[in-house]
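Here is a short report on one protein chain. Have the sequence and the 3D view open while you read.

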Amino acid sequence: MTTNGKQTFFDMDVSKAFAGFQFPGFDVESLVAAQRKNLEAFTQANQLAVEGAQAVARRYVELIRQAVEEASTALKELTQPGAPEERFAKNAELAKHAFEKGVANAREIVELMTKANTEALSVIQKRATEGFEEMRDYAKHRR
């Protein structure tokens, strides 16, 4: 990234910056490779989170569209002539259906959000586990 034509920290190639340095007992290339893997994992997790949020938003819009259609149909049914007892029973049935549908829709949205979060966090967890294994292996070789 450049800001006003100037190079930022994120533009710098760390492996080139430290290429000439030798740190006793410290493998700079391994550190740079590990950080690159970390950045790739965070990028992938972010992409999964964005895709999940988009899926939730698309489904939410669809559910709202369906709710508006159902409310319109229900309103037409409620305005039909009939005995007060029939209208009351119909009103109660429509309210029950709307409530059950709302609960089911909320559950579906929560499940979509949970799935998206689980996928994104899984990528981070996998990379963290790999990072700990890399540190353990590095420590074994340095003994």
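**Basis**

This is a predicted model, in which local features need pLDDT of at least 70, side-chain atom pairs count only at pLDDT 80 or more, and totals for chains, interfaces and linings use all residues. Residues are numbered from 1 along each chain as its sequence is written, and side-chain values use heavy atoms, with hydrogens and water left out.

**Overall fold**

The protein chain has three helices and two strands. Helices (H or I, at least four residues) and strands (E, at least two) are DSSP runs, numbered from the N terminus. Along the sequence, the pattern is β-β-α-α-α.

Of the 143 residues in the protein chain, 12% are buried. Buried means under 20% relative accessible area, exposed means over 50%, and partly exposed lies in between (1.4 Å probe, protein chains only). The accessible surface of the protein chain is about 11,500 Å², and 61% of that belongs to carbon and sulfur atoms. Such areas come from the Shrake-Rupley method with a 1.4 Å probe; for residues, only the protein chains shown count as cover.

Contacts (heavy atoms within 4.5 Å) can also be sorted by sequence separation. Among contacts between residues at least 6 apart in sequence, 65% join residues at least 24 apart.

**Helix H2**

Helix H2 covers residues 28–78. H2 has 51 residues and reaches 74 Å from its first C-alpha to its last, close to the 75 Å expected at 1.5 Å a residue. The expected span is 1.5 Å times one less than the number of residues. Buried residues in H2 include Val28, Ala45, Gly52 and Leu63.

Gln47 also lies in H2. Gln47 counts as partly exposed, because its relative accessibility is 42%. The C-alpha atoms of Gln47 and Ala120 are separated by 8.1 Å, although the two are 73 residues apart along the chain.

**Salt bridges**

A salt bridge is a side-chain nitrogen of Lys or Arg within 4 Å of a carboxyl oxygen of Asp or Glu. By this rule the count comes to eleven.

| Pair | N to O distance |
|---|---|
| Arg59 and Glu108 | 2.5 Å |
| Lys126 and Glu130 | 3.9 Å |
| Arg127 and Glu134 | 3.0 Å |

What does the salt bridge between Arg59 and Glu108 tie together? Arg59 lies in helix H2 and Glu108 in helix H3 (residues 84–141), so the pair ties together parts that are 49 residues apart in sequence. Arg59 is partly exposed at 23% relative accessible area. Glu108 is partly exposed too, at 26%.

Lys126 and Glu130 both lie in helix H3, four residues apart, about one turn of the helix. Lys126 is exposed at 56% relative accessibility, while Glu130 is partly exposed at 30%.

Is Arg127 buried or exposed? Arg127 is buried, with a relative accessible area of 6%. Lys37, Lys126, Arg127, Glu130 and Glu134 are linked in a network of salt bridges.

**Surface patch**

Tyr60, Ile64 and Val68 make a nonpolar surface patch of about 300 Å². Patches are made of residues with over 30% relative accessible area and no salt bridge: like charges are joined within 9 Å, nonpolar side chains (Val, Leu, Ile, Met, Phe, Trp, Tyr) within 5 Å. Val68 is found in helix H2. Val68 is exposed, with a relative accessible area of 53%.
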